[in-house]
Amino acid sequence: MAKELKILIMNGPNLNMLGKREPDVYGNRSFEDYFSALQFKFKETELSYFQSNCEGDLITKLQQADPIFDGIVLNAAAYTHTSVGIGDAIAAIETPVIEVHISNVFAREEFRHHSYISKHAAGVILGFGLKSYELAIHSFLLEA
Ligand code: DQA
């Protein structure tokens, strides 16, 4: 049976280091491990995963994702706070994008309080640890 929704999870720079990177902020779990658990949990949903440390690759992937995916869960990581290009790419595509962050960026340094993504996002979920991704997937499923 075909899976109902196709959702792409995208991670930006340094999120390939999850599990090793600043565990006090981001936890001890690798994203690959968490992604396997998500696939097990959301069996009716076709989940895909893309990570890049390069801004242009993230922009190209966003452009290509439309119209293949029904929704995108995007943690642009540090590019959230710097990338006009990623914000423009989200504005350019029809596929809804939910912005997520593992940490509560508003409880952190001031430069993390601004996002070039939020204005173009369908919604923003942050501060729930890795659960932020799961909540975003639930949001797409509730709309279905
Ligand atoms: C992050 C928050 C960003 O400020 C930071 O640069 C990241 C991860 C988060 O998920 O909490 O790399 O997006």
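Is Glu22 buried, partly exposed or exposed? At 40% relative accessibility, Glu22 is partly exposed, where buried means under 20% relative accessible area, exposed over 50%, and partly exposed in between (1.4 Å probe, protein chains only). The legends below concern a predicted model, in which local features need pLDDT of at least 70, side-chain atom pairs count only at pLDDT 80 or more, and totals for chains, interfaces and linings use all residues. Residues are numbered from 1 along each chain as its sequence is written, and side-chain values use heavy atoms, with hydrogens and water left out.

**View 1. The loop between β1 and α1 holds Glu22.** Phi of Glu22 is near 30 degrees, a positive value in a residue other than glycine. Asn14 is also placed in the loop between β1 and α1 (23-26). For Asn14, phi is near 75 degrees, again positive in a residue other than glycine. Asn14 counts as partly exposed, at 39% relative accessibility. Helices (H or I, at least four residues) and strands (E, at least two) are DSSP runs, numbered from the N terminus.

**View 2. Five strands form an open sheet in the order β2-β1-β3-β4-β5, with parallel pairing.** Two strands pair if DSSP finds at least two bridges between them. In general, strands of a sheet pair through backbone hydrogen bonds, either parallel or antiparallel. At the edges stand β2 (45-51) and β5 (123-126), each with a single partner strand, so one side of each is left without a neighbour in the sheet. From one strand to the next, the twist averages 20 degrees. Helix α2 packs on the sheet and touches β1 and β2, and its direction makes about 170 degrees with that of β2. Helix α3 (residues 55-65) also packs on the sheet, touching β1, β2, β3 and β4, and its direction makes about 170 degrees with that of β1. Axes are lines fitted to C-alpha atoms, for helices over the stretch in contact, and angles run from 0 to 180 degrees between N-to-C directions. Contact means heavy atoms within 4.5 Å.

**View 3. Strand β3 (residues 71-75) is mostly covered, with five of its five residues buried.** Gly71, Val73 and Asn75 point one way from β3, and Ile72 and Leu74 point the other way. In a regular strand the side chains alternate between the two faces of the sheet. Strand β1 (residues 5-11) pairs with β3 in the parallel sense over five bridges, and Leu8 has Ile72 as its bridge partner in β3. With strand β4 (residues 97-101), β3 pairs in the parallel sense over three bridges, and here Ile72 stands opposite Val97. β3, helix α4 (residues 84-92) and β4 make a right-handed β-α-β unit. Right-handed means that, with the strands pointing away from the viewer, the path from the first strand over the helix to the second runs clockwise.

**View 4. The largest nonpolar core has 23 residues.** A nonpolar core is a set of buried Ala, Val, Leu, Ile, Met, Phe, Trp, Tyr and Cys residues joined through side-chain atoms within 4.5 Å. Ile9, Phe31, Val73, Tyr133 and Ile137 touch the most other members. At least two residues of this core come from each of β1, α2 (31-41), β4 and α5 (131-143). Not counting residues up to four places away in sequence, the residues that Val73 touches include Ile9, Val100, Tyr133 and Ile137. A second, separate core of 17 residues includes Ala65, Tyr79, Ile90 and Val97. In soluble globular proteins, nonpolar side chains tend to be buried together.

**View 5. The buried residues of α2 are Phe31, Tyr34, Phe35 and Leu38.** Seen down the axis of α2, these residues fall within an arc of 100 degrees, so they line one face of the helix. The arc is that of the directions from the helix axis to the C-beta atoms.

**View 6. Phe50 lies in strand β2.** Phe50 is partly exposed, with a relative accessible area of 21%. Its C-alpha atom is separated by 4.9 Å from that of Met10, 40 residues apart along the chain. Leaving aside neighbours within four places in sequence, Phe50 is in contact with residues including Leu8, Met10, Asp57 and Lys61.

**View 7. A cis peptide bond joins Asp66 and Pro67.** Omega of this bond is about 10 degrees. Pro67 is placed in the loop between α3 and β3.
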